[in-house]
Amino acid sequence: MNLFGSYDVVVTGAGSSGIVAAIRAAREGASVLLLEGTGFLGGLITGGRLTKPTGLINSTIFHEMLERCVGYKGADGRVHESYWGKYTGTFDAEVMQRVIIEMVEEAGIEVLLRANVIQTVMKGNAVHGLLIRTKSGESLVLAKAFVDASGDGDVAALAGADFMLGRESDGLTQPITSYFRVLNVNVPALIADCEANRADMWEVVYPKEAGDRNEDYAMAVLLTGFQQRIKDKVAEGFDWIIPKDHITMKTGLIPGEISVNVTRFQGNGLDDRDLSRAEIEIRKQAYCAFDFLQRYVKGFEDAIFLEVAPKLGVRETRRITGQYIITETDVRGNRRFDDAIGLCNSPVDVHEPGGSRAIMDHVGIGFGIPYRTMVPLKIDNLIVAGRCISADAIAFGSTRNVPACTMTGEAAAIAATLASTRGVPTSSIAVSEVQNRLRELGVWLGIPGEDVPDALKQAS
Ligand SMILES: Cc1cc2nc3c(=O)[nH]c(=O)nc-3n(C[C@H](O)[C@H](O)[C@H](O)COP(=O)(O)OP(=O)(O)OC[C@H]3O[C@@H](n4cnc5c(N)ncnc54)[C@H](O)[C@@H]3O)c2cc1C
């Protein structure tokens with residue numbers, strides 16, 4: 001077996017959680033290998049075009065990523081009003097990709113793209129190495145500590161960790177949705193249409209000071225609704241093939257660019273046939289929605305279909321069973337934990353498995369994410385970060401949001417680096433050490449008795 005290399009910390013998955021984990025670990029002094037199965041960095045926030053982090057931006061690395069995007073005029077630094085408070089800033093996916101490359105290179109991280117982890121090498125119950133498959137064949141990667149930021153919990157599952165999949169009643173996961181992007185939309189005309197049909201809109205967010213140029217609305221508009229209009233047009237004969245009854249859309253960086261969230265495929269994001277079918281069905285749905293918008297929504301008359309997001313929008317797969325499973329009650333009750341590593345106020349955002357409804361419930365000033373949700377039961381030397389942490393199906397509606405994923409990435413990196421520096425397994429690291437370092441960096445932990453940022457109080 002070819003030995004690819006030996007590192008302090010290996011991070012699997014270069015999505016939002018993995019990027020933050022790799023950068024934080026490298027800045028803490030670890031030699032880091034970042035493994036990614038696709039040919040790009042960022043996972044869903046770049047390839048999935050999921051460019052609107054929802055909730056308090058609490059990870060210091062992610063905050064810096066957004067600030068750097070603002071510096072390139074590729075993110076909206078302004079504060080918006082919406083259901084979930086005042087911490088949301090849309091960014092451009094390619095500008096984010098540029099920033100990620102810049103920060104990863106500055107940190108001296110070795111990146112291996114098109115590398116899939118296919119097996120773990122264990123010493124007892126501890127992860128000791130990973131088997132990866134690349135174009136050149138199979139190789140072994142060794143490290144002192146590992147972070148699983150694969151979104152799917154692949155490394156933890158390969159190591160034998162228990163996991164949850166879907167909701168308790170029937171095992172169904174939240175549906176797969178890919179955004180599609182449209183250019184040349186007349187945004188002022190679109191907003192006027194939404195205002196004229198306000199009863200059919202749940203959310204119409206745009207800068208009130210904006211004028212009549214598309215530029216005035218770049219990255220600053222969020223619209224949800226059109227339910228009645230879809231119903232009416234279906235009654236008149238329009239062939240709406242999408243199993244969802246409303247549309248959400250937002251403006252992008254390019255004047256006249258609109259990203260549309262409407263497609264929906266019910267399937268298992270770990271099943272090859274479902275994944276393949278989803279790629280095709282979602283495209284057909286996107287073309288259908290585009291036809292609807294062009295015909296029936298003002299501003300879309302001359303619109304041009306740009307793309308379906310290149311990375312399939314898989315919302316939910318494995319949730320690795322950790323030392324603690326954070327619950328809906330914890331999240332809705334704003335529960336604080338002694339071992340919390342990040343205050344999270346992302347909404348409970350659940351798209352009904354098998355149905356067309358969606359809930360987006362504000363959780364007030366937020367809850368703490370316990371470190372134990374990142375520590376898989378029975379497996380050592382592996383910390384889980386990102387959307388696959390240990391949560392019940394409803395709590396997952398909040399912890400899957402980018403702000404939470406990036407917080408867990410940062411905490412995982414600190415624990416993994418401390419373990420590798422001392423040559424001990426990750427289980428030997430006291431959570432208080434991780435918390436101390438996070439506090440030093442300026443992270444709100446979500447522990448009992450801790451205050452919350454002023455702006456968050458106002459937003460609630
Ligand atoms: C349609 C949709 C809308 C959303 N809307 C919002 C929103 O408005 N606001 C918000 O905050 N969040 C939103 N989210 C959620 C959020 O985008 C994701 O949960 C979050 O980006 C996940 O980050 P991650 O790092 O955990 O995983 P990912 O971004 O999925 O990254 C995981 C990476 O690991 C790689 N990988 C997987 N397996 C392996 C392997 N075996 N070997 C090597 N690499 C591997 C993948 O290729 C991927 O790049 C949305 C998600 C979807 C799908």
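User: Hi! Which side chain does Glu307 meet in a salt bridge?

Analyst: Glu307 meets Arg49, at 2.6 Å from N to O. A salt bridge here is a side-chain nitrogen of Lys or Arg within 4 Å of a carboxyl oxygen of Asp or Glu. Keep in mind that this is a predicted model: local features need pLDDT of at least 70, side-chain atom pairs count only at pLDDT 80 or more, and totals for chains, interfaces and linings use all residues. Residues are numbered from 1 along each chain as its sequence is written, and side-chain values use heavy atoms, leaving out hydrogens and water.

User: Are Glu307 and Arg49 buried or exposed?

Analyst: Both are buried, meaning under 20% relative accessible area, with exposed over 50% and partly exposed in between (1.4 Å probe, protein chains only).

User: How many salt bridges does a search of the whole structure find?

Analyst: It finds 31. In one of them, Lys144 pairs with Asp8, with the closest N and O atoms 3.2 Å apart. Lys144 is partly exposed at 44%, while Asp8 is buried at 16%.

User: New topic: which residues come nearest to the ligand?

Analyst: Of the 35 residues around the ligand (a heavy atom within 4 Å), Ser17, Glu36, Thr54, Asp154 and Arg400 come nearest.

User: What does Thr54 do there?

Analyst: A polar atom of the Thr54 side chain lies 2.7 Å from a ligand nitrogen. That is a polar contact, a pair of N or O atoms within 3.5 Å.

User: And what classes of residue make up the shell?

Analyst: The shell has 12 nonpolar, 16 polar and seven charged residues. Asp, Glu, Lys and Arg count as charged; Ala, Val, Leu, Ile, Met, Phe, Trp, Tyr, Cys and Pro as nonpolar; the others, Gly among them, as polar.

Definitions and conventions. Polar contact = N/O pair within 3.5 Å; in protein donor to acceptor, adjacent residues only side chain to side chain.
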